[in-house]
Amino acid sequence: MSETTSRGIWIISDETAVEEGEKSGTDIGPDYTSEKRKGSKRSRITAEDLKQNMEEFLGVVEEAFDKTENPESGMKLDEVELSVEINAKGQVSLLGTGGEAGAKGTVVLKFKRKDG
């Protein structure tokens, strides 16, 4: 009996343990936590799950930058470069680092306006 497996990829992510942090007597904010790195975790995500999450992410990006097409402004957005990270569950997140992404397994998506 053969079993059909869906296509997928492996994601290696940092595994952390979250511990409750200590609060000082003057702290009025939320409970802060500290994370301790435990090691790496290898998880498999299906191509379908990654595709669905990426389609949702790209739909939001397209909607957000759709407003840049304003003929009255005299300017147009020609290119957008975004750094994203894919976690062990296949969730796609925009990195808001304000700089170059390090060697943390990020994906750089570069969108260029179509001619025409």
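The paragraphs below go through a sheet, a helix, a pocket and a salt bridge.

The model is predicted, so local features are given only at pLDDT of at least 70 and side-chain atom pairs only at pLDDT 80 or more, while totals for chains, interfaces and linings use all residues. Residues are numbered from 1 along each chain as its sequence is written, and side-chain values use heavy atoms, with hydrogens and water left out.

The sheet is open and has 3 strands in the order β4-β3-β5, paired antiparallel. Strands (E, at least two residues) and helices (H or I, at least four) are DSSP runs numbered from the N terminus, and two strands pair if DSSP finds at least two bridges between them. β4 (92–94) and β5 (106–112) are at the edges with a single partner strand each, so one side of each has no neighbour in the sheet. On average, neighbouring strands are turned by 35° against each other, direction ignored.

Strand β3 covers residues 79–86 and is joined to β4 by 3 bridges. In this pairing I86 stands opposite V92. The hairpin of β3 and β4 has 5 residues between the strands, and there G90 takes a positive phi near 85°. Between β3 and β5 there are 7 bridges, and L82 stands opposite L109 in β5.

A search of the whole structure finds 1 salt bridge, a term for a side-chain nitrogen of Lys or Arg within 4 Å of a carboxyl oxygen of Asp or Glu. E79 and K110 form it, at 3.7 Å from N to O. Because E79 lies in β3 and K110 in β5, the pair ties together parts that are 31 residues apart in sequence.

Helix α1 (residues 47–66) lies across β3, β4 and β5 and runs at about 30° to β4. Angles run from 0 to 180 degrees between N-to-C directions of axes fitted to C-alpha atoms, for helices over the stretch in contact, where contact means heavy atoms within 4.5 Å.

α1 also supplies the largest share of the lining of the largest pocket, 5 residues. α1, β3 and β5 each give at least two residues to this lining. Of the 15 lining residues, E62, F65, F111, K112 and R113 are the closest to the pocket centre. A pocket is an open set of points on a 1 Å grid over the protein atoms alone, where a 1.4 Å probe fits, with protein on both sides within 12 Å along at least five of seven lines; lining residues have an atom within 4 Å of a point.
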